[in-house]
Amino acid sequence: MPASRRGSGSFTLLTGQTIAIHTRTQDEEDLPHATKKTMADHLRKYESLFTLTPQRMRMIVEAFTETLELGLNKPNQIVPMIPTFVFGWPTGQEKGDFLALDLGGTNLRVCLVTLQGDGKFEISQTKYRLTEEQKQEDGQKLFDFCAECLNTFVETNTGEGEGQLKPGQSLPLGFTFSYPCSQERIDHGELIRWTKGFGAGNTEGRDVAEMFKQSLEKFQLPIKLTALINDTTGTLIASHYVNPKTKIAVIFGTGCNAAYMEHVKDIAKMEHLGIDPGADMAINCEWGAFDSFEHEHLPRTKYDIIVDDTSNKPGEQAFEKLISGRYLGEILRLVLCELIDEGVLFLGQNTYKLEKPYCFDTAFLSLMESDPTDELLMIIGIFTHFFALETTLAERQFFRALAKLIGRRAARLSSCGIAAIVSKMGYLEEGCSVGADGSLYNKYPGFADRVHEGLQDIFGDKGRNIVTYHAEDGSGVGSAIIAAMTKHRKDAGLYVNV
């Protein structure tokens with residue numbers, strides 16, 4: 001009888017689900033497995049594919065900076081550099097009750113935000129789940145659902161108590177709509193394209209603010225849509241409200257994006273609007289589209305190309321597909337499937353569960369990287385519980401190393417985007433804070449450290465001057481602050497209407 005080792009334990013997924021493990025592995029398995037040497041040989045191949053050198057990163061930063069400039073100079077560019085009509089920074093003294101509605105990738109969130117001045121606020125909120133059907137069916141139906149949830153929230157939160165709406169009280173609303181829109185004023189927005197897996201019909205090319213206003217009218221809600229914003233712009237404003245050193249905001253989650261404050265005089269495509277050239281305006285970069293269609297600058301592997309070709313938007317969102325939480329698990333799954341096809345992994349086992357696209361969640365990569373056990377019990381748990389597959393320690397060590405390569409590449413590419421804005425705006429010497437949000441930044445182990453490491457590889461020691469930190473709630477609080485800033489500008493007769 002061969003010597004056996006027993007491992008047991010449990011772990012909790014990001015969803016809150018707890019999985020118990022009790023596994024028996026043997027030195028001489030009944031099933032054929034890859035040897036430690038075989039796995040080490042394969043790992044070397046993937047290291048060369050997924051590793052980004054500092055020199056390559058600097059080349060990407062240079063191309064990225066040129067792309068940002070192009071988007072400011074000409075309309076309808078791949079990275080559109082969208083003017084948001086959010087003028088300047090908040091004072092920190094904004095006050096009052098404001099509603100915020102956030103149409104995210106998985107949830108619809110409704111918030112009541114009370115701004116108290118001095119960078120302080122209170123928030124009460126409710127989340128409503130979005131189904132895959134709602135994401136794909138008619139756009140007007142989607143906005144009707146948003147208005148219905150808003151109606152439920154208002155009814156639930158109307159009363160005489162603290163943090164309650166007064167009956168009949170009319171409120172300004174900031175609508176966080178985190179998909180690329182072209183705006184000519186702050187309460188208008190024409191959807192350029194859906195991202196994050198949305199595909200609701202009759203919406204692209206239309207004014208989503210107008211569509212949403214129609215839905216509000218159906219429910220006769222005492223609410224005025226004051227500002228249509230992107231979550232990244234909201235993150236920029238909310239983070240600066242609390243920490244005035246913040247100059248850039250980034251989102252690394254299901255999608256990826258950045259926003260920063262630009263000088264109006266440097267936005268050549270807006271010259272015809274006659275806006276005060278001395279003003280500053282927040283720019284929503286929509287940088288997930290960097291290097292789309294041409295694919296000249298980013299280091300795409302054959303797995304990235306498969307992800308792109310089989311996506312609902314082939315050719316588009318090239319940068320996002322290398323770094324967003326939506327795709328990292330799929331990239332790893334494609335590598336595993338290739339090794340299965342080559343007869344390296346899981347011989348004699350049924351791998352059909354692993355052959356389903358997007359079945360390997362990016363949360364699994366987080367768990368694999370953070371597994372603290374010698375036997376890598378979490379990885380045993382993932383493969384036995386979700387895929388009914390037995391693994392050896394050598395295979396598990398390979399899976400973890402592969403997850404690390406894919407996760408590290410995502411973080412280092414992310415730092416290239418930040419570096420491009422820093423270079424363009426000349427923030428390196430004085431340094432700045434970068435408000436960062438999204439599930440990848442917040443939950444993926446070591447992601448922030450790898451971004452900082454990347455910035456130092458690009459800029460040398462001065463890269464330490466650029467510090468990312470966990471941002472304030474952009475889609476709720478940021479949206480409310482922008483609604484407050486917009487109301488103040490309108491009251492002062494400064495509203496831009498073109």
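Trainee: Which residues in α1 meet which residues in α12?

Mentor: Lys36, Met39, His42, Leu43, Tyr46, Glu47 and Phe50 in α1 meet Ala394, Glu395, Gln397, Phe398, Ala401, Leu402, Leu405, Ile406 and Arg409 in α12, where contact means heavy atoms within 4.5 Å. This is a predicted model, in which local features need pLDDT of at least 70, side-chain atom pairs count only at pLDDT 80 or more, and totals for chains, interfaces and linings use all residues. Residues are numbered from 1 along each chain as its sequence is written, and side-chain values use heavy atoms, with hydrogens and water left out.

Trainee: Why are α1 and α12 called roughly parallel to each other?

Mentor: Helix α1 (residues 36-50) and helix α12 (residues 393-425) pack at an angle of about 5°, with their axes 10 Å apart. Angles under 35 degrees count as roughly parallel, so α1 and α12 are roughly parallel to each other.

Trainee: Thanks! Why does Gln349 count as buried?

Mentor: Buried means under 20% relative accessible area (1.4 Å probe, protein chains only). Gln349 has 13% relative accessibility, so Gln349 counts as buried. Gln349 is placed in the loop between α9 (328-341) and α10 (362-370).

Trainee: What does the side chain of Gln349 reach at 2.7 Å?

Mentor: The side chain of Gln349 reaches the backbone nitrogen of Glu390.

Trainee: What makes β6 and β10 edge strands?

Mentor: The open sheet has the order β6-β5-β4-β7-β10, with mixed pairing. Two strands pair if DSSP finds at least two bridges between them. β6 (120-129) and β10 (223-229) each pair on one side only. On its paired side, β10 joins β7 (residues 171-177) in the parallel sense over six bridges.

Key
Helix = DSSP H or I, 4+ residues; strand = E, 2+ residues; numbered from the N terminus. Buried < 20%, exposed > 50% of the residue type's maximum accessible area, 1.4 Å probe, protein only. Polar contact = N/O pair within 3.5 Å; in protein donor to acceptor, adjacent residues only side chain to side chain. Axes fitted to C-alpha atoms, helices over the stretch in contact; angles between N-to-C directions. Parallel < 35°, antiparallel > 145°, perpendicular 65-115°, else oblique.
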